[in-house]
Amino acid sequence: MRRRANRRAGRKAQGGGGPNGWQRYQMTQKLVAIGDDYYVEDESGERAFVVDGKALRLRDTLKMRDLRTDDKYRIQERIVRVRNTMTVSKNGKRATTVKKAIITPIRGRFTVQIPGNPDLRVQGNILDHEYRFTRGGDRVAEVSKRWFRVRDTYGIGVAPEMDAGLAVATSVALDMMTRPGR
């Protein structure tokens with residue numbers, strides 16, 4: 001009963017999706033325990049993605065699957081790079097490369113390269129889960145803890161023109177990059 005009330009509070013804080021067509025997802029900071037599966041829920045509390053924790057046993061790789069479209073994502077650290085880099089593959093093809101800026105003052109700055117599309121800029125407070133994805137100055141996704149009253153929970157809002165699975169997978173990659181050893 002308590003969990004259902006917390007979900008309602010989170011949906012109310014999010015604005016219930018609204019007429020702008022944005023999709024919203026709920027994440028938990030303690031993303032994956034080794035060997036456990038983790039579910040990302042949509043704004044109505046339905047399971048939307050599953051993250052496979054078994055892959056963590058082998059290396060810094062996560063596998064994620066979209067439960068609606070059956071798209072498969074692989075989030076993997078690139079070890080041979082000078083700066084922090086992770087790749088996200090979708091259905092076996094490289095979909096994004098997430099790179100951390102070489103010099104970052106207080107807040108994290110990242111670039112997300114999507115083949116065949118303009119780069120995304122990620123700016124804000126990554127550690128506190130308060131940041132935005134922008135393309136050409138337009139916001140295409142946003143991550144925020146303020147949408148939920150539930151401890152250790154944050155939301156991901158995704159614009160209609162952005163691939164929701166890539167936005168969620170990229171958020172997971174950012175979380176892995178800023179919290180090594182998780």
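Is D71 buried or exposed? D71 is buried, at a relative accessible area of 18%. The legends below describe a predicted model.

**View 1. Overall fold of the chain.** The chain holds 2 helices and 12 strands. Their order from the N terminus is α-β-β-β-β-β-β-β-β-β-β-β-β-α. Of the 182 residues, 47% count as buried. The chain exposes about 10100 Å², and carbon and sulfur atoms supply 46% of that area. Among contacts between residues at least 6 apart in sequence, 36% join residues at least 24 apart.

**View 2. The largest nonpolar core.** This core has 40 residues. Those with the most contacts inside it are Y25, M27, I75, V122, F133, V168 and L174. Helix α2 (residues 164–178) gives the largest share, 10 residues. In soluble globular proteins, nonpolar side chains tend to be buried together.

**View 3. Surroundings of A48.** A48 sits in strand β3 (residues 47–52). A48 counts as buried because its relative accessibility is 1%. Beyond its neighbours within four places in sequence, A48 contacts Y25, V40, E41, D42, R65, D66, L67 and R68.

View 4. D66 belongs to strand β4 (residues 61–66). D66 is buried, and R68, the nearest side chain of opposite charge, is 5.7 Å away. A polar atom of the D66 side chain lies 2.9 Å from the backbone nitrogen of R68. Not counting residues up to four places away in sequence, D66 touches A48, F49, D71 and Y73.

View 5. The structure holds 8 salt bridges. One joins the side chains of K90 and D71, at 3.7 Å from N to O. K90 is in strand β6 (residues 85–90), whereas D71 is in the loop between β4 and β5 (72–77), 19 residues apart. K90 also meets D163 in a salt bridge, at 2.5 Å from N to O. K90 is partly exposed at 22% relative accessibility, and D163 is partly exposed at 25%.

**View 6. The R146–E130 salt bridge.** The closest N and O atoms of R146 and E130 are 2.9 Å apart. R146 is in the loop between β11 (138–144) and β12, and E130 is in strand β10 (residues 130–135), so the pair ties together parts 16 residues apart in sequence. R146 is exposed, at 67% relative accessibility. E130 is buried, at 19%.

**View 7. A salt-bridge network.** Salt bridges link R65, D70 and K72 in a network.

Notes
Residues numbered from 1 in each chain as written. Predicted model: local features only at pLDDT ≥ 70, side-chain atom pairs only at ≥ 80, totals over all residues. Heavy atoms only, no water. Helix = DSSP H or I, 4+ residues; strand = E, 2+ residues; numbered from the N terminus. Buried < 20%, exposed > 50% of the residue type's maximum accessible area, 1.4 Å probe, protein only. Contact = heavy atoms within 4.5 Å. Areas by Shrake-Rupley, 256 points an atom, 1.4 Å probe, with all protein chains shown as cover. Core = buried A, V, L, I, M, F, W, Y, C linked by side-chain atoms within 4.5 Å. Lys, Arg positive; Asp, Glu negative; His and termini not counted. Salt bridge = Lys/Arg side-chain N within 4 Å of Asp/Glu carboxyl O. Polar contact = N/O pair within 3.5 Å; in protein donor to acceptor, adjacent residues only side chain to side chain.
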